[in-house]
Amino acid sequence: MPRSNRAPALPLHPSVHRELVDLLYTALPQVGAIALTALMGAVALATVSGDQGYAVIAVLVLLTAALRISGLLRYPRGCPLTPAEVLHWERTYGLRSSAFGLALGLLSYRALELGDAPGAWISFGLAMSFCVGMVSRAAVRPWIVLLTAAMLLAPVALGGFMRPELPYKLGAAMLLLFWVTLREASRHLSTAFIDRLEAKLALAHQASHDVLTGLPNRAAFLAALESVDTPHVVIALDLDGFKPINDRLGHHAGDALLRQVAQRLRGCMGGQGIVARMGGDEFMLLFPFQAGVPDVSAAQNLARHAVMVLGKPFDLGEAVTIGASAGIALAGPGEAESSSLLERVDMALYAAKRDGGGRWCWSEAAPVLDGCHAV
(Lines give C-alpha, C1' and ligand atoms only; values in the text may rest on other atoms or scores of the structure.)
Protein backbone atom coordinates (compact mmCIF):
# COMPACT_ATOMS: atom_id res chain seq x y z
CA MET A 1 0.00 0.00 0.00
CA PRO A 2 1.42 3.44 -0.85
CA ARG A 3 2.76 5.31 2.14
CA SER A 4 0.60 8.31 1.29
CA ASN A 5 -2.46 6.23 2.29
CA ARG A 6 -0.98 5.15 5.60
CA ALA A 7 -0.39 6.80 8.94
CA PRO A 8 2.51 9.27 8.73
CA ALA A 9 4.05 7.87 11.93
CA LEU A 10 4.36 4.36 10.48
CA PRO A 11 7.95 3.25 11.17
CA LEU A 12 10.27 2.66 8.26
CA HIS A 13 11.70 -0.72 7.40
CA PRO A 14 15.31 -0.71 8.69
CA SER A 15 16.81 -1.23 5.24
CA VAL A 16 14.71 1.60 3.78
CA HIS A 17 15.72 3.89 6.63
CA ARG A 18 19.39 3.03 6.07
CA GLU A 19 19.12 3.82 2.36
CA LEU A 20 17.50 7.18 3.09
CA VAL A 21 20.27 8.11 5.51
CA ASP A 22 22.88 6.94 3.00
CA LEU A 23 21.41 9.44 0.55
CA LEU A 24 21.90 12.27 3.04
CA TYR A 25 25.62 11.56 3.11
CA THR A 26 26.21 11.47 -0.66
CA ALA A 27 26.48 15.23 -1.27
CA LEU A 28 30.05 16.07 -0.27
CA PRO A 29 30.79 18.14 -3.42
CA GLN A 30 27.61 20.21 -3.01
CA VAL A 31 28.08 20.66 0.73
CA GLY A 32 31.69 21.62 0.21
CA ALA A 33 30.75 24.14 -2.49
CA ILE A 34 28.09 25.94 -0.41
CA ALA A 35 30.38 25.89 2.62
CA LEU A 36 33.24 27.51 0.69
CA THR A 37 30.93 30.05 -0.97
CA ALA A 38 29.29 31.01 2.33
CA LEU A 39 32.64 31.36 4.07
CA MET A 40 33.99 33.56 1.29
CA GLY A 41 30.88 35.75 1.46
CA ALA A 42 31.02 36.11 5.25
CA VAL A 43 34.74 36.87 5.25
CA ALA A 44 34.28 39.42 2.45
CA LEU A 45 31.51 41.22 4.35
CA ALA A 46 33.57 41.25 7.55
CA THR A 47 36.68 42.50 5.74
CA VAL A 48 34.99 45.25 3.73
CA SER A 49 32.83 46.55 6.58
CA GLY A 50 35.19 45.94 9.48
CA ASP A 51 32.15 44.91 11.52
CA GLN A 52 32.85 42.56 14.42
CA GLY A 53 29.40 40.99 14.13
CA TYR A 54 30.16 39.87 10.59
CA ALA A 55 33.50 38.52 11.84
CA VAL A 56 31.88 36.45 14.60
CA ILE A 57 29.32 35.05 12.16
CA ALA A 58 32.11 34.20 9.70
CA VAL A 59 33.70 32.08 12.44
CA LEU A 60 30.35 30.38 13.07
CA VAL A 61 30.02 29.63 9.35
CA LEU A 62 33.50 28.12 9.36
CA LEU A 63 32.87 25.93 12.42
CA THR A 64 29.45 24.65 11.32
CA ALA A 65 30.71 23.99 7.78
CA ALA A 66 33.65 22.04 9.20
CA LEU A 67 31.27 19.97 11.33
CA ARG A 68 29.10 19.14 8.32
CA ILE A 69 32.04 18.12 6.13
CA SER A 70 33.64 16.04 8.90
CA GLY A 71 30.35 14.17 9.34
CA LEU A 72 30.18 13.40 5.62
CA LEU A 73 33.75 12.10 5.67
CA ARG A 74 33.26 9.98 8.81
CA TYR A 75 29.96 8.36 7.83
CA PRO A 76 30.49 4.55 7.69
CA ARG A 77 29.13 3.97 4.20
CA GLY A 78 28.92 0.30 3.31
CA CYS A 79 29.40 -0.82 6.93
CA PRO A 80 26.62 -2.55 8.89
CA LEU A 81 24.76 -0.28 11.30
CA THR A 82 22.12 -1.00 13.92
CA PRO A 83 18.79 0.87 13.67
CA ALA A 84 19.89 3.00 16.64
CA GLU A 85 23.13 3.91 14.86
CA VAL A 86 21.27 4.81 11.66
CA LEU A 87 18.99 7.11 13.68
CA HIS A 88 22.05 8.65 15.35
CA TRP A 89 23.62 9.51 11.98
CA GLU A 90 20.33 10.93 10.70
CA ARG A 91 20.01 13.20 13.74
CA THR A 92 23.65 14.20 13.48
CA TYR A 93 23.15 15.26 9.88
CA GLY A 94 19.98 17.18 10.71
CA LEU A 95 21.45 19.06 13.66
CA ARG A 96 24.64 20.02 11.83
CA SER A 97 22.67 21.14 8.79
CA SER A 98 20.45 23.25 11.05
CA ALA A 99 23.47 24.82 12.77
CA PHE A 100 24.92 25.82 9.40
CA GLY A 101 21.54 27.22 8.35
CA LEU A 102 21.40 29.29 11.53
CA ALA A 103 24.85 30.75 10.83
CA LEU A 104 23.74 31.82 7.33
CA GLY A 105 20.50 33.24 8.72
CA LEU A 106 22.44 35.31 11.25
CA LEU A 107 24.53 36.71 8.41
CA SER A 108 21.38 38.07 6.74
CA TYR A 109 20.06 39.32 10.08
CA ARG A 110 23.24 41.28 10.71
CA ALA A 111 23.11 42.86 7.27
CA LEU A 112 19.50 43.94 7.81
CA GLU A 113 20.29 45.19 11.29
CA LEU A 114 23.13 47.36 9.92
CA GLY A 115 21.08 48.52 6.95
CA ASP A 116 23.79 47.11 4.71
CA ALA A 117 21.88 46.65 1.45
CA PRO A 118 24.76 45.05 -0.52
CA GLY A 119 25.48 42.76 2.45
CA ALA A 120 21.80 41.82 2.69
CA TRP A 121 21.76 41.00 -1.03
CA ILE A 122 24.85 38.78 -0.75
CA SER A 123 23.81 37.03 2.47
CA PHE A 124 20.22 36.45 1.32
CA GLY A 125 21.50 35.00 -1.95
CA LEU A 126 23.70 32.60 0.03
CA ALA A 127 20.74 31.66 2.24
CA MET A 128 18.48 30.88 -0.72
CA SER A 129 21.21 28.90 -2.50
CA PHE A 130 21.70 26.78 0.59
CA CYS A 131 17.94 26.37 1.08
CA VAL A 132 17.33 25.13 -2.44
CA GLY A 133 20.27 22.73 -2.31
CA MET A 134 19.27 21.48 1.12
CA VAL A 135 15.74 20.66 -0.06
CA SER A 136 17.11 18.66 -3.00
CA ARG A 137 19.40 16.68 -0.70
CA ALA A 138 17.40 16.26 2.51
CA ALA A 139 13.80 16.03 1.27
CA VAL A 140 13.93 12.27 1.98
CA ARG A 141 13.79 13.21 5.69
CA PRO A 142 11.31 16.12 5.90
CA TRP A 143 12.06 17.00 9.52
CA ILE A 144 15.59 17.99 8.49
CA VAL A 145 14.24 20.31 5.80
CA LEU A 146 11.76 21.91 8.19
CA LEU A 147 14.19 22.39 11.06
CA THR A 148 17.04 23.64 8.88
CA ALA A 149 14.76 26.00 6.95
CA ALA A 150 13.32 27.35 10.21
CA MET A 151 16.79 28.00 11.63
CA LEU A 152 17.81 29.66 8.35
CA LEU A 153 14.72 31.79 7.72
CA ALA A 154 13.79 32.83 11.26
CA PRO A 155 16.70 35.29 11.69
CA VAL A 156 16.11 36.66 8.18
CA ALA A 157 12.39 37.18 8.87
CA LEU A 158 13.15 38.75 12.25
CA GLY A 159 15.59 41.17 10.63
CA GLY A 160 12.98 42.08 8.03
CA PHE A 161 10.25 42.73 10.61
CA MET A 162 12.64 44.96 12.57
CA ARG A 163 13.23 47.22 9.58
CA PRO A 164 10.94 50.28 9.45
CA GLU A 165 10.33 49.99 5.69
CA LEU A 166 7.10 48.19 4.69
CA PRO A 167 8.68 46.16 1.83
CA TYR A 168 11.04 44.49 4.31
CA LYS A 169 8.10 43.55 6.54
CA LEU A 170 6.20 42.13 3.58
CA GLY A 171 9.27 40.18 2.51
CA ALA A 172 9.58 38.76 6.03
CA ALA A 173 5.94 37.61 5.96
CA MET A 174 6.52 35.97 2.58
CA LEU A 175 9.40 33.99 4.08
CA LEU A 176 6.96 32.41 6.54
CA LEU A 177 4.73 31.36 3.63
CA PHE A 178 7.82 30.03 1.86
CA TRP A 179 8.55 27.80 4.88
CA VAL A 180 5.04 26.35 4.61
CA THR A 181 5.56 25.52 0.93
CA LEU A 182 8.86 23.83 1.82
CA ARG A 183 6.99 21.68 4.32
CA GLU A 184 4.51 20.43 1.73
CA ALA A 185 7.12 19.95 -0.99
CA SER A 186 9.46 17.95 1.24
CA ARG A 187 6.59 15.81 2.54
CA HIS A 188 5.43 14.87 -0.97
CA LEU A 189 8.97 14.21 -2.20
CA SER A 190 9.71 12.05 0.83
CA THR A 191 6.50 10.05 0.44
CA ALA A 192 7.15 9.37 -3.24
CA PHE A 193 10.74 8.34 -2.62
CA ILE A 194 9.88 6.06 0.30
CA ASP A 195 7.11 4.41 -1.71
CA ARG A 196 9.63 3.64 -4.45
CA LEU A 197 12.16 2.19 -2.02
CA GLU A 198 9.52 0.06 -0.32
CA ALA A 199 8.29 -1.23 -3.67
CA LYS A 200 11.85 -2.19 -4.58
CA LEU A 201 12.26 -3.91 -1.21
CA ALA A 202 8.99 -5.81 -1.71
CA LEU A 203 10.10 -7.04 -5.13
CA ALA A 204 13.45 -8.17 -3.74
CA HIS A 205 11.65 -9.98 -0.92
CA GLN A 206 9.32 -11.74 -3.34
CA ALA A 207 12.28 -12.91 -5.40
CA SER A 208 13.96 -14.52 -2.40
CA HIS A 209 11.01 -15.68 -0.28
CA ASP A 210 8.21 -18.19 -0.54
CA VAL A 211 4.91 -16.38 -1.05
CA LEU A 212 2.83 -18.84 1.00
CA THR A 213 4.93 -19.13 4.17
CA GLY A 214 7.10 -16.03 4.00
CA LEU A 215 10.20 -18.21 4.47
CA PRO A 216 13.33 -17.84 2.34
CA ASN A 217 13.04 -19.91 -0.83
CA ARG A 218 15.50 -22.35 -2.41
CA ALA A 219 17.54 -19.62 -4.10
CA ALA A 220 17.89 -17.65 -0.86
CA PHE A 221 18.84 -20.79 1.06
CA LEU A 222 21.54 -21.74 -1.43
CA ALA A 223 22.93 -18.20 -1.32
CA ALA A 224 23.06 -18.33 2.49
CA LEU A 225 24.69 -21.76 2.37
CA GLU A 226 27.44 -20.50 0.08
CA SER A 227 28.16 -17.51 2.31
CA VAL A 228 28.25 -19.20 5.71
CA ASP A 229 31.77 -18.96 7.12
CA THR A 230 31.57 -21.14 10.24
CA PRO A 231 30.95 -24.85 10.82
CA HIS A 232 27.25 -25.55 10.52
CA VAL A 233 24.55 -28.17 10.33
CA VAL A 234 22.05 -28.58 7.51
CA ILE A 235 18.79 -30.37 8.30
CA ALA A 236 16.37 -31.42 5.57
CA LEU A 237 12.76 -31.94 6.70
CA ASP A 238 9.89 -33.59 4.85
CA LEU A 239 6.35 -33.82 6.22
CA ASP A 240 4.89 -37.30 6.80
CA GLY A 241 1.25 -37.65 5.83
CA PHE A 242 0.82 -34.23 4.29
CA LYS A 243 -0.70 -35.42 1.00
CA PRO A 244 -3.66 -37.27 2.59
CA ILE A 245 -4.51 -34.18 4.65
CA ASN A 246 -4.21 -31.97 1.59
CA ASP A 247 -6.43 -34.35 -0.45
CA ARG A 248 -9.06 -34.79 2.28
CA LEU A 249 -9.42 -31.21 3.49
CA GLY A 250 -8.43 -29.36 0.33
CA HIS A 251 -5.58 -27.12 -0.77
CA HIS A 252 -6.75 -24.26 1.42
CA ALA A 253 -6.26 -26.40 4.52
CA GLY A 254 -2.96 -27.67 3.14
CA ASP A 255 -1.73 -24.11 2.72
CA ALA A 256 -2.79 -23.26 6.28
CA LEU A 257 -0.92 -26.33 7.50
CA LEU A 258 2.27 -25.28 5.69
CA ARG A 259 2.06 -21.81 7.25
CA GLN A 260 1.76 -23.36 10.71
CA VAL A 261 4.71 -25.64 9.97
CA ALA A 262 6.78 -22.60 9.01
CA GLN A 263 5.84 -20.83 12.23
CA ARG A 264 6.83 -23.83 14.37
CA LEU A 265 10.16 -24.23 12.59
CA ARG A 266 10.95 -20.55 13.17
CA GLY A 267 10.32 -21.19 16.85
CA CYS A 268 12.70 -24.15 16.80
CA MET A 269 15.53 -21.96 15.49
CA GLY A 270 15.11 -19.39 18.24
CA GLY A 271 15.88 -16.47 15.93
CA GLN A 272 19.18 -17.97 14.73
CA GLY A 273 20.10 -19.57 11.43
CA ILE A 274 17.71 -19.91 8.50
CA VAL A 275 14.49 -21.81 7.88
CA ALA A 276 13.67 -22.19 4.17
CA ARG A 277 10.92 -23.81 2.18
CA MET A 278 12.54 -25.73 -0.64
CA GLY A 279 9.25 -26.57 -2.36
CA GLY A 280 6.14 -28.65 -1.69
CA ASP A 281 6.28 -29.95 1.87
CA GLU A 282 10.09 -29.95 2.10
CA PHE A 283 11.91 -27.53 4.38
CA MET A 284 15.55 -26.92 5.17
CA LEU A 285 17.30 -25.63 8.30
CA LEU A 286 20.74 -24.03 8.32
CA PHE A 287 22.26 -23.48 11.74
CA PRO A 288 25.82 -22.10 12.14
CA PHE A 289 27.85 -22.99 15.22
CA GLN A 290 29.11 -19.76 16.75
CA ALA A 291 31.80 -21.50 18.77
CA GLY A 292 33.64 -22.34 15.55
CA VAL A 293 33.47 -26.12 15.97
CA PRO A 294 30.71 -28.58 14.98
CA ASP A 295 28.38 -29.35 17.90
CA VAL A 296 26.97 -32.82 17.25
CA SER A 297 24.74 -32.70 20.32
CA ALA A 298 23.23 -29.33 19.37
CA ALA A 299 22.62 -30.53 15.80
CA GLN A 300 20.86 -33.67 16.99
CA ASN A 301 18.80 -31.74 19.54
CA LEU A 302 17.66 -29.32 16.85
CA ALA A 303 16.59 -32.15 14.52
CA ARG A 304 14.81 -34.00 17.34
CA HIS A 305 13.03 -30.83 18.44
CA ALA A 306 11.87 -30.06 14.88
CA VAL A 307 10.52 -33.59 14.38
CA MET A 308 8.78 -33.49 17.77
CA VAL A 309 7.01 -30.12 17.28
CA LEU A 310 5.85 -31.10 13.80
CA GLY A 311 4.37 -34.28 15.25
CA LYS A 312 2.01 -32.33 17.52
CA PRO A 313 -1.59 -31.68 16.38
CA PHE A 314 -2.32 -28.76 14.05
CA ASP A 315 -5.51 -26.70 14.13
CA LEU A 316 -7.17 -26.67 10.71
CA GLY A 317 -10.70 -26.22 11.96
CA GLU A 318 -10.23 -29.69 13.32
CA ALA A 319 -7.18 -31.18 14.99
CA VAL A 320 -4.98 -33.01 12.50
CA THR A 321 -1.72 -34.78 13.16
CA ILE A 322 1.06 -35.41 10.68
CA GLY A 323 4.72 -36.07 11.30
CA ALA A 324 8.11 -35.25 9.90
CA SER A 325 11.33 -36.94 8.87
CA ALA A 326 14.73 -35.30 8.95
CA GLY A 327 18.19 -35.78 7.49
CA ILE A 328 21.24 -34.21 9.16
CA ALA A 329 24.62 -33.28 7.70
CA LEU A 330 27.49 -31.44 9.36
CA ALA A 331 29.82 -29.26 7.33
CA GLY A 332 32.74 -26.89 7.66
CA PRO A 333 32.86 -23.44 6.02
CA GLY A 334 34.41 -24.68 2.79
CA GLU A 335 31.93 -27.49 2.28
CA ALA A 336 29.01 -25.10 1.81
CA GLU A 337 30.08 -24.60 -1.79
CA SER A 338 29.81 -28.30 -2.59
CA SER A 339 26.55 -29.70 -3.95
CA SER A 340 27.48 -32.98 -2.28
CA LEU A 341 26.38 -31.53 1.06
CA LEU A 342 22.76 -31.27 -0.11
CA GLU A 343 23.00 -34.70 -1.70
CA ARG A 344 24.18 -36.16 1.60
CA VAL A 345 21.44 -34.53 3.64
CA ASP A 346 18.79 -35.62 1.11
CA MET A 347 20.02 -39.20 1.26
CA ALA A 348 19.79 -39.09 5.06
CA LEU A 349 16.23 -37.72 4.78
CA TYR A 350 15.22 -40.51 2.40
CA ALA A 351 16.66 -43.05 4.84
CA ALA A 352 14.49 -41.60 7.61
CA LYS A 353 11.43 -41.83 5.36
CA ARG A 354 12.22 -45.44 4.44
CA ASP A 355 12.48 -46.37 8.11
CA GLY A 356 8.88 -45.24 8.67
CA GLY A 357 9.18 -41.52 9.25
CA GLY A 358 8.92 -39.64 12.52
CA ARG A 359 12.69 -39.85 12.95
CA TRP A 360 15.97 -38.24 11.95
CA CYS A 361 18.96 -39.82 10.26
CA TRP A 362 22.56 -38.73 10.06
CA SER A 363 24.27 -38.65 6.71
CA GLU A 364 26.78 -41.40 6.09
CA ALA A 365 29.59 -38.86 6.34
CA ALA A 366 28.63 -37.82 9.89
CA PRO A 367 31.63 -38.35 12.19
CA VAL A 368 29.55 -39.85 15.00
CA LEU A 369 26.04 -41.01 15.72
CA ASP A 370 25.58 -42.60 12.30
CA GLY A 371 22.15 -44.06 11.66
CA CYS A 372 18.53 -43.16 12.33
CA HIS A 373 16.86 -42.20 15.58
CA ALA A 374 13.14 -42.12 16.37
CA VAL A 375 11.49 -39.57 18.67
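Modeller: Happy to. One term first: when I say two residues touch or are in contact, I mean heavy atoms within 4.5 Å. Also keep in mind that this is a predicted model.

Biologist: Got it. So which residues does I34 touch, leaving out those up to four places away in sequence?

Modeller: I34 touches R68, F100, L126, S129 and F130.

Biologist: And where is I34 found?

Modeller: I34 sits in helix α2, which covers residues 28–49.

Biologist: Is I34 buried or exposed?

Modeller: Buried: its relative accessible area is 11%, and the cut-off for buried is under 20%.

Biologist: What separates the C-alpha atoms of I34 and F130?

Modeller: Those C-alpha atoms are 6.5 Å apart, although I34 and F130 are 96 residues apart along the chain.

Biologist: Let's switch to helix packing. At what angle do α1 and α4 cross?

Modeller: Helix α1 (residues 14–24) and helix α4 (residues 83–114) cross at roughly 30°, and their axes come within 10 Å. The crossing is left-handed.

Biologist: Which residues make that contact?

Modeller: From α1 it's H17, R18, V21 and L24, and from α4 it's V86, L87, W89, E90 and Y93. By type, the residues of this contact come to 6 nonpolar, 1 polar and 2 charged.

Biologist: Okay, strands now. How many residues of β1 are buried?

Modeller: For strand β1, residues 232–240, the count is 9 of 9. H232, V234, A236, D238 and D240 point one way, V233, I235, L237 and L239 point the other way, and all are buried.

Biologist: Which strands pair with β1?

Modeller: One is β3 (residues 282–288), antiparallel to β1 over 7 bridges; there, V234 has L286 as its bridge partner. Another is β6 (residues 323–331), also antiparallel, with 9 bridges joining it to β1. In β6, the bridge partner of I235 is I328.

Biologist: Zooming out, how many helices and strands does the chain have?

Modeller: The chain has 12 helices and 8 strands. Its radius of gyration is 31 Å, well over the 21 Å that the globule rule gives for 375 residues, so the chain is more spread out than a compact globule.

Biologist: What does the C-alpha trace span along its principal axes?

Modeller: About 95 × 45 × 25 Å.

Biologist: Last one: what share of the chain's residues count as buried?

Modeller: That's 46% of the 375 residues. As for contacts between residues at least 6 apart in sequence, 71% join residues at least 24 apart.

Terms used. Residues numbered from 1 in each chain as written. Predicted model: local features only at pLDDT ≥ 70, side-chain atom pairs only at ≥ 80, totals over all residues. Heavy atoms only, no water. Axes fitted to C-alpha atoms, helices over the stretch in contact; angles between N-to-C directions. Helix = DSSP H or I, 4+ residues; strand = E, 2+ residues; numbered from the N terminus. Left-handed = near helix turned anticlockwise from the far one by under 90°. Nonpolar A, V, L, I, M, F, W, Y, C, P; charged D, E, K, R; others polar. Buried < 20%, exposed > 50% of the residue type's maximum accessible area, 1.4 Å probe, protein only. Pairing = 2+ DSSP bridges. Rg over C-alpha atoms; globule rule 2.2 N^0.38 Å.
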